[in-house]
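I opened my notebook to go through some helices and strands. Here is what I looked up.

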Amino acid sequence: RGLGGIILEPHLRTTDQAIRIFDQIDPAAVPLIIDCGEHALSSLAILVAAVRSLDLSAARLRGAIAADPVASLLTGGRLQMPLSEILDQIAVMTAWGIEIAPSLGTIWVHGEVHHNAGASAVQELAATMATGLYYVRRMEQRGLVPETVLPRMRFSFGVGTAFFMEIAKLRAARLLWQRLLEAADVDPDDRTMWMHARSSETGLSRMDSHTNLLRVTTGASAAAVAGVD
């Protein structure tokens, strides 16, 4: 459970699992974030089935059931199905969300993949912006205009112990995204970025858990000061 809601990985497996989640939370009050890796359509179907069985409205759902096949390809070296098919699924999910669940995200952009691979702050920003724009263009090719896709996108970044640099990076991310969308002629009201932060994996020690507490606290504090969601 994070400050921004409940986070599950990698995906839902059964309707009963989803029902048990809703026994503990109010979906309208607590965002449910399911980071599904390369494909999320099955998790979304399970969640919708659970919502219907509990007589809840999907329009009340907040958070995200989101996929990032680019990150999965980078970390695993391969995908379980062709990228074009996964993008087709994401387009279907996004179109469904626009009509039925407007507060639910369906596209995730993992900047921390680059951070944990050793990227500098500048490199992480560049790769994340490129991936985000890639998804916007691929959805546009599938008939979804950017103004409807952007509210369904979620971004995450890694945060380490370079306190002031991490604050600057996260604040710069919002500015860069706005500049990119401005160049793409997106309406100013739609140039927003929902941002999540995750503690760096590369900056932790296997031997000294107390030092890890300090490092994670530094990163989390930087994220809070930077204004992550």
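**Helix H2**

I checked H2 (residues 41-53) first: at 1.5 Å a residue, its 13 residues should span 18 Å, and the end C-alpha atoms are 19 Å apart, which agrees. The expected span is 1.5 Å times one less than the number of residues. Helices (H or I, at least four residues) and strands (E, at least two) are DSSP runs, numbered from the N terminus.

Some housekeeping: this is a predicted model, where local features need pLDDT of at least 70, side-chain atom pairs count only at pLDDT 80 or more, and totals for chains, interfaces and linings use all residues. Residues are numbered from 1 along each chain as its sequence is written, and side-chain values use heavy atoms, with hydrogens and water left out.

Buried residues of H2 include Leu44, Ile46 and Leu47 (buried is under 20% relative accessible area, exposed over 50%, partly exposed in between; 1.4 Å probe, protein chains only). Just after H2, I found Asp55 with a positive phi of about 60 degrees.

**Strand E5**

How many of the seven residues of E5 are buried? Seven of the seven in E5 (residues 153-159), so the strand is largely enclosed by the rest of the structure. Met153, Phe155, Phe157 and Val159 are buried on one side, and Arg154, Ser156 and Gly158 on the other. In a regular strand, side chains alternate between the two faces of the sheet.

Next I looked at partners (strands pair if DSSP finds at least two bridges between them). E5 pairs with E4 in the parallel sense over four bridges, and Val109 stands opposite Phe155. With E6 (residues 195-199), E5 pairs in the parallel sense over five bridges.
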